[in-house]
Amino acid sequence: MTTHSTNSDLYFATARELRTKFDGRELSSVEATRAMLDRISSLEPNLNSFITVTPERALKDAEAADRRLQGSGQEAGPLTGVPIMIKDNFSTKDVETTAASNILKGYIPPYDGTAVRLLKEAGAVILGKGNLDEFAMGSSNESSAFGPVHNPWDTDRVPGGSSGGAAAAVAAGECFIAFGSDTGGSIRQPASLCGIVGMKPTYGLVSRFGLLAFGSSLDQIGPLTRSVADCADALNVISNHDHRDSTSVAAPFDDFAQDIDAGVAGMNIGVPKEYMVDGMEPGVLSAFEASLKILEDLGANISETSLPLTDHALAVYYIIAPSEASANLSRYDGVKYGLGTLNADTSAQATEIARGEGFGDEVKRRIFLGTYALSAGYYDAYYKKAQQVRTLIRREFTDAFLKFDALVTPTSPGVAFKIGEKMDDPFQMYMNDVCTIPVNIAGLPSISVPGGISEDLPVGLQFIGPQFGDTTVIRGAAAYEQATNWHQKHPLI
Amino acid sequence: MQAQSPLLSGRVARTSRETMDPLTPKDVEHIAQLAYIKLSDEESEDMRVQLTNILGHFASLSTVETDGVEPTGHTTDSNTVMRKDEPQPPLDQDDVLRNAPDRDGEFVRVRPVLE
C-alpha cells in the first residue's frame with residue numbers, strides 16, 4: 001500500500017480524484033475508509049458533525065467495494081468505494097435514525113430509504129449519520145438534540161443548517177460526499193457557510209421515500225461535495241423514478257455531468273435585484289459583484305431582472321412548511337416507535353406528554369404555527385393564501401426563464417455567524433434562508449458553489465435554473481469553479 | 001454592469017412587524033390541544049409571544065392580489081398516481097415491533113383509549 005505521511009491531499013481530494021487513486025491501485029477503499037475513520041476520531045470532539053459512526057459496517061462495505069473495483073462482480077461506478085455520510089433524517093435499515101430529535105432516540109428503521117438503497121447498490125461506503133437541526137428545522141444546526149455542529153473554518157461559529165453536519169464533514173475532510181435534504185435551503189446555505197458545493201435538484205428528481213418528512217411539497221434530497229463534477233456524479237446515482245414516492249418524476253434522466261465542460265459563453269444569466277436584501281453583509285455583496293464579473297469575462301450575458309414577489313416568499317414558506325410539518329409530525333405519537341410514556345391515564349395524555357418532552361423548541365414552534373395556519377377560521381387567510389401566492393411566485397420564475405437560462409444570487413445574506421448569536425430571535429434565524437427559500441417554493445434546481453471569502457469565512461454563489469434545468473445550473477457552476485480557486489481553499493483543521 | 005447597477009446598493013425587505021391582534025393564552029391552549037403537545041405555563045407564554053411576532057411578519061401576504069388564482073399544492077403537476085395492487089414482501093414483524101416503547105408479543109400496548 002501507499003502510505004500517506006501527510007494525508008491532507010487525501011482529506012481534501014474530490015471523489016473523482018479518489019476514484020483515480022483506486023483505479024491506479026494507489027489506494028484501496030479500505031485504506032481510504034480507515035483514513036476517514038481516523039480523521040473522524042480526531043476531529044469529532046471539535047466538530048460534532050456525526051450523530052452515529054458505523055466503522056464495522058463501513059469497513060465491510062469497503063472490502064466489498066475493493067472486490068468490485070478489482071473487477072469481480074458488479075461493474076464499479078463513480079461512487080464505488082467512496083466514503084460518504086448520510087444525514088440522520090434518512091431511514092437506514094438497522095442503523096439508528098434520530099432526525100436529531102429526542103422523540104426518535106433509539107429508533108432503528110426496518111428499511112432503507114430509496115436514496116440510501118441506490119447509494120448502497122452503487123457501492124458507496126457509508127461512514128455514519130450526519131448531525132442536523134432537529135427534523136431539519138433550522139439554519140444553524142443549533143436545534144439538534146445531540147448538540148450543535150461547529151464550523152471547521154471557525155469552531156466558534158455555526159456551519160449553517162439544517163444539513164450542518166453534512167457540510168462540516170465535507171469541508172473538514174471527514175468524508176468525500178455527504179447527502180442532505182433541502183426544504184428551504186438546508187443543503188445550499190450550509191454548503192455556502194462551509195465553503196463547499198451543495199445542490200438541491202428539481203423537486204421530484206430524487207425519491208423522498210425513507211426521508212423523514214418535514215415539508216413534503218418542498219423537501220428534496222441532494223449532494224454536498226467538494227467539486228461540481230462530484231455533485232453531478234452523485235446526482236446520477238440517486239435520481240430515479242420510484243413508485244414509492246408519488247411525486248417522483250418519470251422523465252428520462254440526463255447525464256447530469258454531460259455539460260460540466262460546456263462553459264457559460266453565450267449563456268443568459270439574470271440577477272434578480274430583490275435578492276440583495278437589506279442586511280446583506282458588504283463582504284457578501286462585494287464577493288457577489290466579483291463573481292458576476294468573472295461570469296461576464298467567461299462570456300455570459302449578465303443582466304439585472306426583477307422578481308417582485310420574492311419579498312413574500314419567506315411568508316409563503318413559513319406558512320406552507322410548518323403546515324405540512326404539523327401534519328407530517330403527527331405520526332410521532334409515542335406508540336409504535338420513539339419516546340413513549342406509560343405514566344399517563346389515557347393514550348391521549350401519553351401522546352401529549354411524549355410530544356411535549358420529545359420535541360425541542362423550534363419543532364414545537366413550527367408545529368404550533370402550522371396547526372394554527374390550518375385550523376378552522378384561519379385556513380383561507382394563511383394556508384390557502386400562501387398556496388395561491390406560491391402559484392404566482394412559480395409564474396414569476398417561469399416568465400424569468402423565458403429570458404434567462406439561469407439566475408444567480410448570493411446563497412446566503414451573510415457568512416457563518418457565532419453559535420448562540422441568533423437563537424433568541426426565531427425570525428432573524430428564518431432570514432438566513434431568504435435567498436434559498438423561493439427556489440423550493442417553485443420546485444426548481446439550484447446549486448451553491450464556493451464564491452469568495454469574507455472576514456476569512458466562505459461565501460456561496462447560487463445558480464437557479466428552470467424546472468428540470470439541473471444540467472444548466474451544474475454547467476454554470478462548473479464553469480465558475482474552473483475559473484476560480486475558491487473551491488481549493490480548505491479550513492485549517 | 002456592476003458599476004452602474006443599483007441592485008447592489010441594498011434595499012428594504014418587507015419584513016417589518018405589521019399590526020395584528022396578539023394571540024391570547026386561550027388561542028395557544030387550543031392549538032396545543034389540536035397538536036397534542038403539552039406545554040408548561042412558561043413555554044405557553046413564550047410560544048404566544050413568538051407566534052404573534054412571526055405571524056405579524058406574514059401580514060403583508062394579504063396585500064397580494066390572488067382573486068381567481070389556483071393554489072399550488074406541489075410543483076410536479078402530477079395527478080393521482082396509481083399502481084397495480086400486487087402483494088409485496090412485508091417488513092419483518094420483529095424489525096418493526098422492536099421500536100415500540102411497550103410491546104407485548106405481537107402487540108403494541110397503549111394506555112386506555114377511552115377515559
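Helix α6 of chain A, residues 164-172, is mostly covered, with nine of its nine residues buried. Buried here means 20 or more other C-beta atoms within 10 Å of the residue's own; 12 or fewer makes a residue exposed, and anything in between partly exposed, with C-beta atoms placed from the backbone. Helices are DSSP runs of H or I with at least four residues, strands are runs of E with at least two, and both are numbered from the N terminus. The buried set of α6(A) includes A:Gly164, A:Gly165, A:Val170 and A:Ala172. Just after the helix, A:Gly173 takes a positive phi of about 80°.

This is a predicted model, in which local features need pLDDT of at least 70 and side-chain atom pairs count only at pLDDT 80 or more, while totals for chains, interfaces and linings use all residues. Residues are numbered from 1 along each chain as its sequence is written, and chains are lettered from A and ligands numbered from 1 in the order in which they are written.

Now the whole of chain A. The chain holds 16 helices and 11 strands. Its radius of gyration is 21 Å, close to the 23 Å that the globule rule gives for 493 residues, so chain A is as compact as a globular protein of that length. That radius is taken over C-alpha atoms, and the rule is 2.2 Å times the number of residues to the power 0.38. Buried residues make up 65% of the 493.

Next, a helix pair. Helix α10 (residues 313-328) and helix α12 (residues 361-374) of chain A pack at about 95°, their axes 7 Å apart. Axes are lines fitted to C-alpha atoms, for helices over the stretch in contact, and angles run from 0 to 180 degrees between N-to-C directions. α10(A) and α12(A) are therefore roughly perpendicular, a label for 65 to 115 degrees. Residues in contact have C-beta atoms, placed from the backbone, within 7 Å. Among those joining the pair are A:Ile319 and A:Pro322 of α10(A) and A:Arg366 and A:Leu369 of α12(A).

A:Ala381 lies in helix α13 (residues 380-403) of chain A. With 15 C-beta neighbours inside 10 Å, A:Ala381 counts as partly exposed. A:Ala381 and A:Ile126 are 45 Å apart, C-alpha to C-alpha.

Finally, the interface. Here 55 residues of chain B are in contact with 71 residues of chain A. On the chain B side, α1 (25-35), α2 (41-57) and α3 (93-97) each supply at least two residues. α2(B) gives the most, with six residues.

Note on methods: Contact = placed C-beta atoms within 7 Å. Parallel < 35°, antiparallel > 145°, perpendicular 65-115°, else oblique.
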